[in-house]
Amino acid sequence: MTITITAFEQSPDGGKGLARDTRVRWALEEVGRSYETRLVSLAAMKQPAHLALHPFGQIPTYEEGDLAIFETGAIVFHIAERHPGLLPPDENARARAIMWMFASLNTIEPPILDLTTASLVERDRSWARERLPLVEDRIRSRLGPLSSRLGDVDWLDGTFSAGDLLMVSVLLRLRASGLLDEFPNLAAYVCRGEARPAYQRAFEAQYAINCPAA
Ligand SMILES: N[C@@H](CCC(=O)N[C@@H](CSCc1ccc([N+](=O)[O-])cc1)C(=O)NCC(=O)O)C(=O)O
C-alpha cells in the first residue's frame with residue numbers, strides 16, 4: 001500500500017533538513033520503502049482537513065491504507081517495527097534501541113528545543129541574555145554523559161538503529177549553536193549519520209521541495 005507523509009510546502013529552514021519530516025524520510029529510506037509526500041502550507045495545517053489528521057495542526061503525519069498517525073517518534077517506531085533495518089532482531093538489543101529512541105526525544109531534545117525558544121522566540125525579552133547561558137548549560141549537562149557513553153564507537157548500541165536515527169536528528173539541530181563542537185565525538189557521530197546513503201536521499205528529497213531551482 002502507498003505510504004503518504006506530510007511535509008512543509010516551504011520549510012522555515014529553507015531546506016536544511018531540520019523539519020521533522022526528514023526523520024520520517026530517513027527511516028523510510030533506511031528500510032527501502034517508497035513514499036509519497038503531501039505538501040502542506042502553514043495555513044492549511046490549521047484547517048479542518050489537516051487537523052483531522054493532526055490535532056495539533058503540524059507535520060509530519062503518516063498514512064498507509066486505513067492507518068493515519070502523527071508524532072515523529074511513533075511514525076519512526078511504526079516503520080521500524082514493520083521493516084527490518086532499524087531495530088535489531090535480538091530482543092534485548094531491540095529494547096535498548098527503543099530506549100535510545102525515547103532518550104533522544106525525552107532527554108536530549110527538550111533542552112535543545114528550549115534553546116530554539118530562548119534564541120529565537122524570547123531573544124528580545126529583557127531577561128533573554130541572562131537566561132540563554134542557563135539553557136546552554138542544561139544542554140551541556142545532557143551532552144556530556146551522552147558523549148561519555150558513546151565514547152569512540154560508531155553507534156549507540158552496536159549496529160545502527162532507529163535510536164541513532166533519532167539521536168543524530170536531534171543533535172543535528174544543535175550544529176548552528178556551536179555547542180555540538182564542544183563534544184567532538186558527538187559531532188563525528190552526527191557526521192556519520194549524515195554520511196549514510198539513506199540520510200542523503202532523505203535530505204535531497206526535502207531539499208528538492210524547498211530549493212527546486214538548485
Ligand atoms: N512532537 C511532534 C512535533 C511536530 C512539529 O514540531 N512539527 C513542526 C515542524 S517540525 C519542527 C521544526 C520546524 C521548523 C524548523 N526549522 O528549522 O525551520 C525545524 C523544526 C510543525 O508542524 N510546525 C508548524 C506548527 O507547529 O504550526 C513530532 O515530533 O512530530
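**The ligand and its surroundings**

User: Where does the ligand sit?
Analyst: The ligand sits in the largest pocket. A pocket here is an open set of points on a 1 Å grid over the protein atoms alone, where a 1.4 Å probe fits, with protein on both sides within 12 Å along at least five of seven lines; sitting in it takes more than half of the molecule's atoms within 2 Å of its grid points.

User: What kind of model is this?
Analyst: This is a predicted model, where local features need pLDDT of at least 70 and side-chain atom pairs count only at pLDDT 80 or more, while totals for chains, interfaces and linings use all residues. Residues are numbered from 1 along each chain as its sequence is written, and side-chain values use heavy atoms, with hydrogens and water left out.

User: How many residues surround the ligand?
Analyst: There are 15, and the closest are Lys46, Gln58, Ile59, Glu71 and Thr72. Being near means having a heavy atom within 4 Å.

User: Which distances do lysine 46 and threonine 72 have to the ligand?
Analyst: A side-chain N or O atom of lysine 46 is 2.6 Å from a ligand oxygen, and for threonine 72 the distance is 2.7 Å. The protein covers 77% of the 680 Å² of accessible area that the ligand has on its own (Shrake-Rupley method, 1.4 Å probe).

Terms used
A polar contact is a pair of N or O atoms within 3.5 Å; within protein, one must be able to donate a hydrogen and the other to accept it, and residues adjacent in sequence count only if both atoms are side-chain atoms. On a 1 Å grid over the protein atoms alone, a cavity is a set of points where a 1.4 Å probe fits but cannot get out, and a pocket is an open set with protein on both sides within 12 Å along at least five of seven lines; lining residues have an atom within 4 Å of a point.
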